[in-house]
Structures are given as C-alpha cells and as structure tokens.
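Subject: Structure handover

Hi,

Here is the structure we talked about. Please load it and read the notes below alongside it.

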Amino acid sequence: MNSSIRGKWLALLCLLPFALFFILFQIAPLAWVAIHSLNTPDGWGLGNFAKVFSSKFYLQAIKHSLQIAFWSSLFGIVIAVIGSYSLRKVDSKLRDFVMAFSNMTSNFAGVPLAFAFIILLGFNGALTILLKQSGVIEDFNLYSKAGLIVLYTYFQIPLGVLLLYPAFDALREDWRESAALLGASPWQFWRHIGLPVLTPALLGTFVILLANALGAYATVYALTTGNFNVLTIRVAAMVAGDIALNPNLASALAMVLVGLMALITVVHQWLLKRSYHVSR
C-alpha cells in the first residue's frame, strides 16, 4: 500500500515540470488574451468583439482564413488518402522512405518554404515559366488566395499522410476477399465497407488539417510580408503596431481564432470516440 502511494506521488512529481510548462506557456497566455479581449477604452465589455464582427475588414480576414483552410484541407486530404492507400501496396523500403520524407516535409514551413515556392511558382518562378511556355497556364499569382491555397496544400499533404496511414490498418484484407467472393465489385466494397470504416478517421484528419491551416502564420507572412488579409496576420500586425497598436483588439481576434480551433478540436474528439479503432 505504501509503495503504491509512493509510486503515485513519484508520478505526480515527475509530472510537475510538464504541468508548470503547460501553465506558463499555454494557460497563462490564453488567460491573458481572454482577459484583455474584454478590455475596451470604455471599460470592460464585448466592445472589441462587436468591432470585429461589424468590420468588413476583419470579417474578410475570417472569411479568407476559413476559405484557405477549407480548400487546402480538402485538397490535402484527397491527395493524402490516395497516397496512404498506395503506400500499403508498395515495397516496405519505399514505404519507409516516403513516411520519413513525409515526416520531414510536415515540418518544412516558414521562410524556407515561402522562399522555395517563390523560386518555383513566383511571377518569374521556374515552374511558372515552364507551364506558361507549354501553354498549361496563362498566368498564376502565388500571392493571391489561390496561390496561398496551393502553398497551404503542400504542407497539409504530409501531415495528412502521417495521420491517415495508420487508419488503413482497420481495413482487413479478408474483408475484401469475402466481398469479392460474394460478388461485390471494388466500388461496392469501398462504398459499403471501406469508406464507412475510414469515415471517422477521414473526418478527424480533416478537422486537424483545418486547425493546422487556421493557425499558420510564418509561411504566409514570409510570402506576402503581411499584405494578405488573414486572421493570424491581423493579430500580429496589431500586436507589433505595424499599422496601429491595439493589443486588446488583437486579443479579441485571437479569441475568435481560439474559438474556431476549439470547435474544430471538439468535433475531432467526438469523431475520435466514434472511430473504428476505439469502438472495437
């Protein structure tokens, strides 16, 4: 009994550094932002949030953030599904190489990624000029919303592969064989067996990609130098005082972003509880 109690106290003691780190760098900053989001020139209230949701400029930032996050997550998960399924059918050495490469590229962001895309797909980028000369495209603006969707999709794909690859373990090969023996076509197998089993993992991965895109800052800032209107850029601009120093309004915008990401996290947890791996 005493050894059990000592073991619990030892476990709590070992958890203390993580708890302190979590409180100092997660809870405390979030509490500071939440409190200051309610601080207005007229006193405490919801004035900052009223200003956010009544301003076309800030609503445009929210709209752009959601649009870029949605489309990049959709394109990313489609490519990731195809890639994850294909990895199940290839040689183990190639599979290990692709997974290691995905792990590396999922962390390739910020200034290096922006610089790489400028070289490839900028106005005078190598790939842009090649596609123009071959007649595939007439014009492409990397610094527009479409260009940012392409950029975001790049770092969504490896993250999607890393998240979805284990989910295909739920598809047992004998299910496919049994379905084929019963006369089911590949389309019928995926419609009635494959997709229903993978749906929780697909939706869970999709909302994680949404959260990943909504919180992205370094890459879009490095690419556009803060001239594209998304939530993270607006928050940073008001904190840094590039246009006007207004940390309280920045806190309100940050809380809007926190609210969106919290909603996405709640949906993800709900879908995770319904996943095939947990239910079985």
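How many helices and strands does the protein chain have? The count is 13 helices and two strands. Keep in mind that this is a predicted model.

**Overall numbers**

The C-alpha trace of the protein chain spans about 80 × 75 × 35 Å along its principal axes. The chain has 280 residues, and buried ones make up 35% of them. Its accessible surface comes to about 16,700 Å². Carbon and sulfur atoms account for 69% of that surface.

On contacts, take the pairs of residues at least 6 apart in sequence. Of these contacts, 68% join residues at least 24 apart.

On charge, the protein chain carries 18 positive and 10 negative charges. Their mean positions lie 9 Å apart.

**Helix 4**

Helix 4 covers residues 92–105.

Arg 95, Met 99, Ser 102 and Thr 105 are buried in helix 4. They cover an arc of only 130 degrees around the axis, which puts them on the same side of the helix. An α-helix has 3.6 residues a turn, so residues three or four places apart point the same way. The buried residues of helix 4 pack against helix 3 (56–87) and helix 7.

The face turned away from that buried side carries the exposed residues Lys 93, Asp 96, Phe 97 and Met 104. Phe 97 has a relative accessible area of 56%. The cut-off for exposed is over 50%, so Phe 97 counts as exposed. Its C-alpha atom is separated by 13 Å from that of Ser 84, 13 residues apart along the chain.

**Helix 5**

Which residues of helix 5 (residues 111–121) are buried? They are Leu 113, Ala 114, Phe 117 and Leu 121. These residues cover an arc of only 100 degrees around the axis, which puts them on the same side of helix 5.

What covers them includes helix 6 (126–133), helix 7 (145–164) and helix 10 (218–224). Helix 7 also packs against the buried residues of helix 4. On the face of helix 5 turned away from its buried side sit the exposed residues Val 111 and Phe 115.

**Two loop residues**

Start with Ala 167. This residue lies in the loop between helix 7 and helix 8 (173–181). Is Ala 167 buried or exposed? Ala 167 is buried, with a relative accessible area of 7%. The cut-off for buried is under 20%. The C-alpha atoms of Ala 167 and Ala 201 are separated by 6.4 Å, and the two residues are 34 apart along the chain.

Then look at Thr 225. This one lies in the loop between helix 10 and helix 11 (231–240). Thr 225 is exposed, with a relative accessible area of 52%. Its phi is positive, at about 50 degrees, although Thr 225 is not a glycine. Most residues other than glycine have a negative phi.

Best wishes

Conventions. Residues are numbered from 1 along each chain as its sequence is written. This is a predicted model: local features need pLDDT of at least 70, side-chain atom pairs count only at pLDDT 80 or more; totals for chains, interfaces and linings use all residues. Side-chain values use heavy atoms; hydrogens and water are left out. Buried means under 20% relative accessible area, exposed over 50%, partly exposed in between (1.4 Å probe, protein chains only). Helices (H or I, at least four residues) and strands (E, at least two) are DSSP runs, numbered from the N terminus. The arc is that of the directions from the helix axis to the C-beta atoms. Contact means heavy atoms within 4.5 Å. Accessible areas come from the Shrake-Rupley method with a 1.4 Å probe; for residues, only the protein chains shown count as cover. Lys and Arg count as positive and Asp and Glu as negative; His and the chain ends are not counted. The place of a charge is taken as NZ of Lys, CZ of Arg, CG of Asp or CD of Glu. The expected span of a helix is 1.5 Å times one less than its number of residues.
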